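Please read the following walk through the model alongside its sequence and coordinates. The text starts with strands and moves on to the domains.

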Amino acid sequence: MSGQQQTDGGFANPVIPGFHPDPSICRVGDDYYLVNSSFEYFPGIPVFHSRDLVNWRQIGNALDRPSQLPLPHTMPSSAGIYAPTLRHHDGRFWLIVTNVGSTGNVLFTATDPAGPWSDPLPLPGVPGIDPDLAWDEDGTCWCTVAGISQFRLDPVTGENLSEPERTWSGAPGAQAPEAPHLYRIGEYWYLLIAEGGTERGHCVSIARGTSPTGPFEPCPANPILTHRSMHHPIQNTGHADLVQAPDGSWCLVLLAVRPGGGTPGWHVLGRETFLVPVTWEDGWPVVGELELEMPAPGWPLTPVPAVPARDDFDEAELHPQWISVRERRAELCTTKERSGWLTLRAAGASLDEPDVVFTGRRQQHLSCEARTLVDASAGRGGLAVRLDEQHHYEIEAGDGEVKVFARIGSLRTEVAARPLPAGPVVLGVDIAKQQPREARSGPDLVSFGIEEPDGTFTVLGSLEGRYLSTEVTGGFTGRVIGMYAASGTVHFDWFDYRAAQAS
């Protein structure tokens, strides 16, 4: 989950592919740190590091202890961790975020962004979602939330020091003014927001004033970035954060999606993190062209090692790319029970239930393949592609059979079955991006099968991918591919994920 495919001296967008929405970034010296929303998954808030804004390496998850991230089993999918803001001030990192459906707005601190991070500081006086932090010259901390309203906050005690007051909220009548970020740049304070909703109408707008409280003058060119009503492979552009690049120029990180298939288009990877250059004219930011293939920036690129395609589960702790649904109890998910294997224990759960025993990684390529070696001699389990409890496909081994299932809304059906070979078996999924052949073509084809002893892959069942897309399921997440236990105890010797074809 790192590195970049660089092309002709340029780079590819998204810079952090897959389900990595709501990016927030801060610069400390020559280092950049970035965080994303994680919703119902544990551990929460992936933390990335870069030296060039293009090549990113995940260095941890900010919320990796149950005391930091209570996610009740009654919480619906796409609740949980929304829109963190990451800032560095007075020698510390500050992370403010909303845990929707649980603790509300909370604040964390750390001296090292790789962790450990503190336990949450409750913020009972902070309303709404999408909280932002900014400090002025005299040390006053300003908190701005979706809506858009603003107040003074004591970040040490969590106490509000003033009543929230409405500020500039974008274009008159525009829906969902949210994702505020407040900055002092030169002689002005800038208030950057998203509006239009996080669907096709999403956009980025900005205003400025001489005080952190305004009054704010909107940019005459608002929205400064949007792809609404455009025939463009990148859509839903918004929820941005400004940062100064290594050469002193400026950039935006933002979320966007890559819809596939015919009309209306389906995005399956979730909202991803993109990078676009910014110039300044008359004191206003001017956003450059946002494309999948970007020209070389004005500073050197420094690639980082990619995460190996295969995880052999030889370490005592899982790599930070692995995420589970709402919790990860050591007695149900461990690499310590059977050396070199990941052990999952079902405790009666299934993929249709909120307490499913599932561990996966984000799908990051439009075409990809995954394989895992499964020992289901003491249970049933396998390999799944998940969006939420009501939308997932899987291939399952156990009880003498291998079966392919599809869950789409209220319908769960068995797609295919065959006898289970003796001993551990390699289960796999191939996901192939589809080129639209007519107006309603789906985005991709999801094929499940078994890898035979001679290495050939026998497909048992293929399913259309649109039913595991946000346009069908709703919500704010993206696909996660991983392993699960449906009953008993299931062991996994390794897991291999890699891009296939153009992705």
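Two strands are taken to pair if DSSP finds at least two bridges between them. Strands themselves (E, at least two residues) are DSSP runs, as are helices (H or I, at least four residues), and both are numbered from the N terminus. The model is predicted, so local features need pLDDT of at least 70 and side-chain atom pairs count only at pLDDT 80 or more, while totals for chains, interfaces and linings use all residues. Residues are numbered from 1 along each chain as its sequence is written, and side-chain values use heavy atoms, with hydrogens and water left out.

Begin with strand 2 (residues 24-28) and strand 3, which run antiparallel and are joined by five bridges. Within this pair, C26 stands opposite Y33 of strand 3. The hairpin has two residues between the strands, and G29 takes a positive phi near 65 degrees there.

Strand 3 also takes part in a side-chain pairing. D31 and R51 form a salt bridge, 2.5 Å from N to O; the term requires a side-chain nitrogen of Lys or Arg within 4 Å of a carboxyl oxygen of Asp or Glu. D31 lies in strand 3 (residues 31-35) and R51 in the loop between strand 5 (44-50) and strand 6, so the pair ties together parts that are 20 residues apart in sequence. The rule gives a count of 30 salt bridges.

Strand 12 (residues 141-145) and strand 13 (residues 149-152) pair over four bridges, and T144 has Q150 of strand 13 as its bridge partner.

Some backbone values deserve a check. Most residues other than glycine have a negative phi, and most peptide bonds are trans. The bond from F42 to P43 is cis, with omega near -5 degrees, and P43 is in the loop between strand 4 and strand 5. T263 and P264 are also joined by a cis peptide bond, with omega about 5 degrees; P264 is in the loop between strand 21 (250-257) and strand 22 (272-281). A83, a residue other than glycine, has a positive phi near 45 degrees and is placed in strand 7 (residues 80-89).

At the level of the chain, there are two domains, domain 1 (10-295) and domain 2 (310-499), with bounds that come from an automatic or database domain assignment. Their centres, taken over C-alpha atoms, are 31 Å apart. Contact (heavy atoms within 4.5 Å) involves 36 residues of domain 1 and 41 residues of domain 2.

The area buried between the domains is about 3200 Å², with 57% given by carbon and sulfur atoms; buried area is the accessible area (1.4 Å probe) that two parts lose on being put together, summed over both. Y41, W266 and V268 supply 23% of the area that domain 1 buries against domain 2, more than any other three residues.

Two salt bridges cross the interface of domain 1 and domain 2. E471 and R200 also form a salt bridge, with the closest N and O atoms 3.2 Å apart. On the side of domain 1 that touches domain 2, strand 4 (41-42) and strand 6 (57-63) each supply at least two residues. Strand 6 gives the largest share of that side, three residues.
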